[in-house]
Amino acid sequence: MIVLYLLAILILLCFFVGMMCLRKCCLRKAPPTLEQVFAKQERRWGRDVTELRQCAAWYQEQKTEPMDLLSFDGLQLHGRWLPAQGPSILLFHGYRSLVLEDLAGLIPFYHSLGYDLLIPDQRAHGDSEGQFIGFGVLERKDCISWLRYLDSRFGPAPTFLAGVSMGATTVLMAAGEELPGNVRGVIGDCGFTSPRDIIAHQTKAQFHLPAWPLVPLASLLSRLLAGYGFSDCSTLDTLARTQLPVLLIHGEADNFVPTEMSRQNYAACRSEKELLLIPGAGHGGAYLVGGETYRSAVTSFLNKHNPQ
């Protein structure tokens, strides 16, 4: 009888620990204000972000069109369309962030190059529905849905996929799936290798706790409650089978998603590929810190794979 009690206590303890990890990592959170975002970026990067504030103000003044679709699992997903009368870029923000937290500089930059932009709120973010974040595993399917939406709405125009942080992982994971033939290439800025890897890294780095058994327990509960496990998909696997050209970008001072993850993604990729590392750039800061180096590399990649 004592053994049964101890076993029951152990099971309850495992469930509690797994739920705490799942709640910390995967559940939707109330977003910060944009001003809080910029203040955090200035603290994180140790530099002025006036340029990003100006870019955000520019975007908020633009006339964008709301777009909505139903996800593969029944969630209402929301995005904004910013036309430029050219080819398209499907652009994704990252983990628990606002569109203008990750993409403030990139939106006017891509638009200035003549690209139409579709900028979704990822599931469990912004105006999109959902309670569980999918770390790219679920979002890669949303990416495919958005691509099909664009094709049905505007026809199969040349299209690129791009994203920052978890948004990068979203498009890099999608790159290994069967995509419409008009997708020309993928740009991933500071993406991670898999949900398991980044959650294990943050469990150790932020909370000083062992990845085992926390991550496996949370993964099991995620499968039961959110419909996916942390090892269901990895960018290492999808990049090993994609045929699309890939540009990987990462800040060398990134202490949230280790730069080594983009090096691993680059090594795994079997298609045409490029890797741009930006010295001194923290997580999500490669565009601001890299400046012309970043813009030149991205412009060259786009022009190469979508010759006018």
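Is Leu-224 buried or exposed? Leu-224 is exposed, its relative accessible area being 64%, where exposed stands for over 50%, buried for under 20% and partly exposed for the range in between (1.4 Å probe, protein chains only).

## Basis of the model

This is a predicted model, in which local features need pLDDT of at least 70 and side-chain atom pairs count only at pLDDT 80 or more, whereas totals for chains, interfaces and linings use all residues. Residues are numbered from 1 along each chain as its sequence is written, and side-chain values use heavy atoms, with hydrogens and water left out.

## A nonpolar surface patch

Leu-224 belongs to helix 9, residues 211-225; helices (H or I, at least four residues) and strands (E, at least two) are DSSP runs numbered from the N terminus. Together with Leu-220 and Leu-225, Leu-224 makes a nonpolar surface patch of about 320 Å². Patches are made of residues with over 30% relative accessible area and no salt bridge, like charges being joined within 9 Å and nonpolar side chains (Val, Leu, Ile, Met, Phe, Trp, Tyr) within 5 Å. The accessible areas come from the Shrake-Rupley method with a 1.4 Å probe, and for residues only the protein chains shown count as cover.

## Salt bridges

The count of salt bridges comes to 13, a salt bridge being a side-chain nitrogen of Lys or Arg within 4 Å of a carboxyl oxygen of Asp or Glu. One of these joins the side chains of Glu-35 and Arg-53, with an N to O distance of 2.8 Å. Because Glu-35 lies in helix 2 (residues 34-45) and Arg-53 in helix 3 (residues 50-61), the pair ties together parts that are 18 residues apart in sequence. Glu-35 is partly exposed at 47% relative accessibility, and Arg-53 is likewise partly exposed, at 26%. A network of salt bridges links Glu-35 and Arg-53 with Glu-42.

Asp-142 and Arg-123 form another salt bridge through their side chains, at 2.7 Å from N to O. This pair links distant parts of the chain, 19 residues apart, with Asp-142 in helix 6 (residues 139-154) and Arg-123 in the loop between strand 4 (116-120) and helix 6. Both Asp-142 and Arg-123 are buried. The side chains of Asp-197 and Arg-196 also meet in a salt bridge, here at 3.3 Å from N to O; Asp-197 is partly exposed with a relative accessible area of 23%, and Arg-196 is partly exposed at 41%.

How many cavities of 30 Å³ or more does the structure hold? There are 3 such cavities, and the largest cavity contains about 100 Å³ of space. On a 1 Å grid over the protein atoms alone, a cavity is a set of points where a 1.4 Å probe fits but cannot get out, and its lining residues have an atom within 4 Å of a point. Grid points are joined across faces, edges and corners, and a volume is the space filled by probe spheres set on the points.

The lining of the largest cavity consists of 15 residues, of which Leu-52, Asp-102, Gly-105, Gly-284 and Tyr-287 lie nearest its centre. Helix 2, helix 4 (99-102) and helix 12 (286-290) each contribute at least two residues to this lining, and helix 4 gives the largest share, with 3 residues. By type, the lining residues of the largest cavity divide into 9 nonpolar, 3 polar and 3 charged, where Ala, Val, Leu, Ile, Met, Phe, Trp, Tyr, Cys and Pro count as nonpolar, Asp, Glu, Lys and Arg as charged, and the others, Gly among them, as polar.

## Positive phi in two loops

Most residues other than glycine have a negative phi. Gln-85, a residue other than glycine, has a positive phi near 60° and sits in the loop between strand 2 (76-82) and strand 3 (88-92), where Gln-85 is exposed at 74% relative accessibility. Cys-190 also has a positive phi, of about 60°, although it is not a glycine. Cys-190 is placed in the loop between strand 6 (183-189) and helix 8 (195-207), and Cys-190 is buried, with a relative accessible area of 1%.

## Buried helix residues and distances

Glu-139, found in helix 6, is buried with a relative accessible area of 0%. The C-alpha atoms of Glu-139 and Glu-51 are separated by 29 Å, and the two residues are 88 residues apart along the chain. Val-298, in helix 13 (residues 292-305), is buried at 0% relative accessibility. Between the C-alpha atoms of Val-298 and His-250, which are 48 residues apart along the chain, the separation is 13 Å.

Definitions and conventions. 1 Å grid on protein atoms, 1.4 Å probe; cavity = no way out; pocket = protein on both sides within 12 Å on 5 of 7 lines; lining within 4 Å.
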